[in-house]
Amino acid sequence: MRKARILLVDDHALFLEGLRSFFMYNDILVVGTARNGAEALLKYEMLQPDIVLMDIQMAQGNGIETTHSMKQKFPEAVIIMLTSDEAEESIFEALQAGASGYLTKG
């Protein structure tokens, strides 16, 4: 069986590297990382991952806006939002933008 190919998107380098290391240690294929929304869109197009794990709050192009743009351009994209913000409004907005689900960082 083929491993799922994951793209990680987060603007915090330490968290991004920790998450990448965790997945790789657990034999999960991380095909790329991105630090902002624009980079995430480019990397998605280049790498065609199976799953995108995307932070909701990023300094350049938040995850909700990026999810909306990604789903418009790539309707097949499967996006799971990562958030430290457990506010129902943010989660609802992410799901409305096209996210398949969400995980809290806590």
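Which side chain meets that of Lys-43 in a salt bridge? The legends below take up this pair and others in a predicted model.

**View 1. A salt bridge between Lys-43 and Glu-39 in helix H2.** The side chain of Lys-43 meets that of Glu-39, with an N to O distance of 3.5 Å. Because the two residues lie 4 positions apart in helix H2, which spans residues 37–47, about one helical turn separates Lys-43 from Glu-39. Lys-43 has a relative accessible area of 22% and is therefore partly exposed, and Glu-39, with a relative accessible area of 26%, is partly exposed as well.

**View 2. A salt bridge between Lys-73 and Glu-45 that links distant parts of the chain.** The side chains of Lys-73 and Glu-45 meet with an N to O distance of 3.4 Å. Lys-73 belongs to helix H3 (residues 63–73) and Glu-45 to helix H2, the two residues being 28 residues apart. Lys-73 is exposed, its relative accessible area being 51%, whereas Glu-45, at 41% relative accessibility, counts as partly exposed.

**View 3. A salt bridge between Glu-17 and Arg-20 in helix H1.** In this pair the side chains of Glu-17 and Arg-20 meet at 2.6 Å, taken from N to O. The separation of Glu-17 and Arg-20 amounts to about one helical turn, because they stand 3 residues apart in helix H1, which covers residues 13–25. Glu-17 counts as partly exposed at 36% relative accessibility, and Arg-20 likewise counts as partly exposed, at 26%.

**View 4. Salt bridges in the whole structure.** A search of the whole structure finds 4 salt bridges, among them the pair of Lys-43 and Glu-39, the pair of Lys-73 and Glu-45, and the pair of Glu-17 and Arg-20.

How values were computed. Residues are numbered from 1 along each chain as its sequence is written. This is a predicted model: local features need pLDDT of at least 70, side-chain atom pairs count only at pLDDT 80 or more; totals for chains, interfaces and linings use all residues. Side-chain values use heavy atoms; hydrogens and water are left out. Buried means under 20% relative accessible area, exposed over 50%, partly exposed in between (1.4 Å probe, protein chains only).
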